[in-house]
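Colleague: I have not worked with this structure before. May I put some questions to you about it?

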Amino acid sequence: TKVFEYMCIGLPFVTSDFPIYKDVADESGAGLCVDPTDPMAVANAIEAILTNDEVAARMSKNGIAATRSRWNWDHEGDKLVALYRSISGKIA
């Protein structure tokens, strides 16, 4: 949830390179994924964003655009309701 909140406000992010986070970062271009057990990789990713205004601005714009077009309740809500229906069979 935090990654999407950061994207929504245009805050570039650095997160662990877990598959689900990597997919979001790669598709959106709004952040960087690194091995969480590699402190140098984490530091380098943070530094890459903080020291390059152009990169940070691009990631910021990408995050906002991605949450407006792809990762939002209008787009994902139907999937969530369908999941609830499949689990319970009772939700109208």
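Colleague: How many disulfides does a search of the whole structure find?

Modeller: This is a predicted model, and a disulfide requires two cysteine sulfur atoms within 2.5 Å. The cysteine sulfur closest to that of C8 belongs to C33, and at 19 Å it is too far for a bond. For C33 the closest cysteine sulfur is likewise that of C8, 19 Å away. The number of disulfides found in the whole structure is therefore zero.

Colleague: Does C33 count as buried, partly exposed or exposed, and at what relative accessibility?

Modeller: A buried residue would have to lie under 20%, and an exposed one over 50%. C33 has a relative accessibility of 23%, so this cysteine counts as partly exposed.

Colleague: In what order do the elements of the chain run from the N terminus on?

Modeller: The chain has five helices and two strands. Read from the N terminus, the order is α-β-α-β-α-α-α.

Colleague: How far apart lie the centres of the positive and negative side chains?

Modeller: The chain carries 9 positive side chains and 13 negative ones. Between the centres of these two sets the distance is 10 Å.

Methods
Residues numbered from 1 in each chain as written. Predicted model: local features only at pLDDT ≥ 70, side-chain atom pairs only at ≥ 80, totals over all residues. Heavy atoms only, no water. Helix = DSSP H or I, 4+ residues; strand = E, 2+ residues; numbered from the N terminus. Lys, Arg positive; Asp, Glu negative; His and termini not counted. Charge placed at Lys NZ, Arg CZ, Asp CG, Glu CD. Buried < 20%, exposed > 50% of the residue type's maximum accessible area, 1.4 Å probe, protein only.
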